[in-house]
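User: Hey, can you walk me through how the helices sit against each other in this one? I'd like to go pair by pair.

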Amino acid sequence: MLLISAQLPPAEAAEVILHLWYSARLTQGMLTLIDKHVRKLIADVLFKIKDRANNVLQSKKWTFGSVEVTVCLYRPQWATLLQILDTKHDIGTTEKERRRVVLAPHRVDYRERQLYCLPAYMRLCSTRFKETGVLAPFG
């Protein structure tokens, strides 16, 4: 999120970061921005550290105008980050899988117990979030 906020205009960065943080869905445009601005940076780091030991922290500092971002990860963590960014998902398949997990029939009792503890106005929001994957005010 820091790499996104350092490279994109504030309004665009805010929208992408909010979706990353609160939503279960990203638009194709957001995925393209992440690919263009973040994935290439991570791939470059991983290429440069490919022969280094796994148990040593690898630090990378980027400067974007007056903003500096430093990330320290182990080589396997850099590789995992790139793997996550490289994963291509079909929206229909991922939505079906998200609903299968979040709305699993054998978890009905758990969901209802959680809803019972919430005030009435939060029950609708919680239920809609689980159904749609989008955190937004409802009601």
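This is a predicted model: local features need pLDDT of at least 70, side-chain atom pairs count only at pLDDT 80 or more; totals for chains, interfaces and linings use all residues.

User: Which way does α6 run relative to α7, roughly parallel or roughly antiparallel?

Analyst: α6 (residues 108–116) and α7 (residues 120–132) pack at about 150 degrees, and their axes are 9 Å apart. Angles over 145 degrees count as roughly antiparallel, so that's what α6 is to α7.

User: What's the handedness of that α6 and α7 crossing?

Analyst: The α6 and α7 crossing is right-handed. On the α6 side the contact uses R111, Q114, L115 and Y116, and on the α7 side R123, S126, T127 and K130. By class, that contact of α6 with α7 has 2 nonpolar, 3 polar and 3 charged residues.

User: Switching to α3. What's the angle between α3 and α4?

Analyst: α3 and α4 (residues 75–86) cross at roughly 150 degrees, with axes that come within 9 Å. That makes α3 roughly antiparallel to α4. The crossing of α3 and α4 is left-handed.

User: Who's touching whom there?

Analyst: From α3 you get I34, V38, R39, I42, A43, V45 and L46, and from α4 it's R75, W78, A79, L81, L82, L85 and D86. Sorted by class, the α3 contact with α4 has 11 nonpolar, no polar and 3 charged residues.

User: R39 is in that list. Which side chain does R39 meet in a salt bridge?

Analyst: D35, at 3.9 Å from N to O. R39 and D35 are 4 residues apart in α3 (residues 28–48), so about one helical turn separates them.

User: How many salt bridges does the count come to?

Analyst: The count comes to 7 salt bridges.

User: Last pair: how do α2 and α3 pack?

Analyst: α2 (residues 10–22) packs on α3 at about 105 degrees, with the two axes 11 Å apart. α2 and α3 are therefore roughly perpendicular to each other. E12, E15, V16, H19 and L20 of α2 make the contact with M30, L33 and I34 of α3.

How values were computed: Residues are numbered from 1 along each chain as its sequence is written. Side-chain values use heavy atoms; hydrogens and water are left out. Axes are lines fitted to C-alpha atoms, for helices over the stretch in contact, and angles run from 0 to 180 degrees between N-to-C directions. Helices (H or I, at least four residues) and strands (E, at least two) are DSSP runs, numbered from the N terminus. Angles under 35 degrees count as roughly parallel, over 145 as roughly antiparallel, 65 to 115 as roughly perpendicular and the rest as oblique. A crossing is left-handed if the near helix is turned anticlockwise from the far one by less than a right angle, and right-handed if clockwise. Contact means heavy atoms within 4.5 Å. Ala, Val, Leu, Ile, Met, Phe, Trp, Tyr, Cys and Pro count as nonpolar, Asp, Glu, Lys and Arg as charged, and the others, Gly among them, as polar. A salt bridge is a side-chain nitrogen of Lys or Arg within 4 Å of a carboxyl oxygen of Asp or Glu.
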